[in-house]
Amino acid sequence: MFVEREDGIENLFVDISNRSTMPFQVFVGPRGDGKTFSSLRAQTMDKVGESNDDWKLKENFDDKFIYLRRRQQDIQIATSETANPFKGINMKYGTCINPKYSSREKFSRFYSLDSFGNRTCCGYGMALSTFHGLRSVNFEDVAHIVFDEFISEKIALKMKAEGETLFNLYETVNRNRELFGKPPVRLTLIANAVDLASDILMSLKIVSTIAHMIDKGQARYTDKSRGIYIELLGDPRFREAKAETALYKLTADSEFAKFALDNEFIDNDRSNVRKVDLNEYIPMVTYAGMYTLYSHKSQPYLYCAEKNPDSGQHRFNRSTLEMFRAYYKKFYNQNTVFNRISFDSYATKVALDSIINEMKYRRN
């Protein structure tokens with residue numbers, strides 16, 4: 001039976017709104033731990049005291065936010081009256097922040113209604129997949145982008161070039177404000193531990209960093225030179241309390257619980273990531289001047305590394321990708337099945353898997 005803690009239920013939930021000053025912040029955590037709630041609360045309310053109840057609606061919304069989701073369908077649902085992401089905030093603090101979706105413009109506006117009945121636009125709801133149609137819009141009033149559920153579930157088809165599309169979106173919103181001495185737009189990326197092989201994580205070049213954090217039990221990482229902060233959330237108090245609820249009693253020790261409750265990337269096997277002595281290997285082929293497949297000199301083993309040796313090996317690039325697949329796809333996959341291939345990093349494994357095994361994409 002679940003019993004309320006003496007230090008209060010509120011203290012079980014995370015507040016990610018003031019964790020770092022880096023312009024790019026990545027948070028991966030269990031379901032329902034307060035990531036989205038606390039981030040959106042900080043966009044529309046000001047902290048005025050020490051307790052979790054000491055928040056008040058902002059007096060002005062000169063600095064607006066973008067609530068970003070991956071697909072158009074996602075943002076249409078998320079900004080409906082039923083799925084309003086501010087519903088919990090409205091109930092707790094008595095605010096009245098509601099979305100209005102425009103099918104013509106293909107994005108939403110969030111409006112705040114104050115005690116005098118005045119309605120003010122405080123932010124926008126948009127989709128990554130259709131943002132290209134908004135590149136001519138002026139976003140000088142936007143100071144923060146909150147990208148919710150940026151890692152897609154396994155059942156969702158991939159979107160082509162998600163990382164590059166996100167960078168283009170950020171460029172559109174941020175523009176040249178930094179050249180005029182203004183702070184950069186902050187981008188907060190929020191997700192559950194669904195898939196470490198996310199195109200956005202790959203594009204951010206932090207897959208290996210996160211894999212290393214997991215292996216070392218490291219919760220926080222900051223790279224000031226790149227302006228990025230990463231946090232793997234997981235308060236044991238939250239896990240303990242959540243584990244006593246009906247669903248997690250039912251699914252105890254299951255893969256679902258490991259992902260949803262323990263924040264584990266259960267589908268990402270990193271056992272074949274290791275360092276080897278490359279002097280024992282011969283380069284076979286290099287793709288795009290970036291990834292090289294090596295064969296062992298005396299054993300039936302392969303090794304893939306993010307290297308570009310000059311050893312006369314076969315070379316392919318993006319224009320000859322189909323030829324590369326024709327020659328090496330079956331060979332690569334057979335050695336994968338028989339566990340005869342290893343990688344210098346998990347990021348290399350993800351990249352080669354996606355390059356060699358053609359993926360199906362959807363745009364919206």
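Two strands count as paired if DSSP finds at least two bridges between them. With that in hand, welcome to a quick look at this predicted model. Strand β10 (residues 220-223) and strand β11 (residues 228-232) are joined by four bridges and run antiparallel.

**The β10 and β11 hairpin**
- Four residues lie between the two strands of the hairpin, and Gly227 has a positive phi near 75°.

**Strand β12 and its two partners**
- Strand β12 covers residues 281-287 and is mostly covered, with five of its seven residues buried.
- On the antiparallel side of the story, six bridges link β12 to strand β13 (residues 291-296).
- Within that pairing, Pro283 has Tyr294 of β13 as its bridge partner.
- The hairpin made by β12 and β13 has three residues between the strands, and Ala288 in its turn shows a positive phi of about 55°.
- Strand β12 also runs parallel to strand β15 (residues 314-316), with three bridges between them.
- There, Tyr287 is found opposite Phe316 of β15.

- Leaving aside residues up to four places away in sequence, Thr44 touches Lys56, Leu57, Lys58, Phe61, Phe65, Phe86, Ile97 and Cys122.

Notes:
Residues are numbered from 1 along each chain as its sequence is written. This is a predicted model: local features need pLDDT of at least 70, side-chain atom pairs count only at pLDDT 80 or more; totals for chains, interfaces and linings use all residues. Side-chain values use heavy atoms; hydrogens and water are left out. Buried means under 20% relative accessible area, exposed over 50%, partly exposed in between (1.4 Å probe, protein chains only). Contact means heavy atoms within 4.5 Å.
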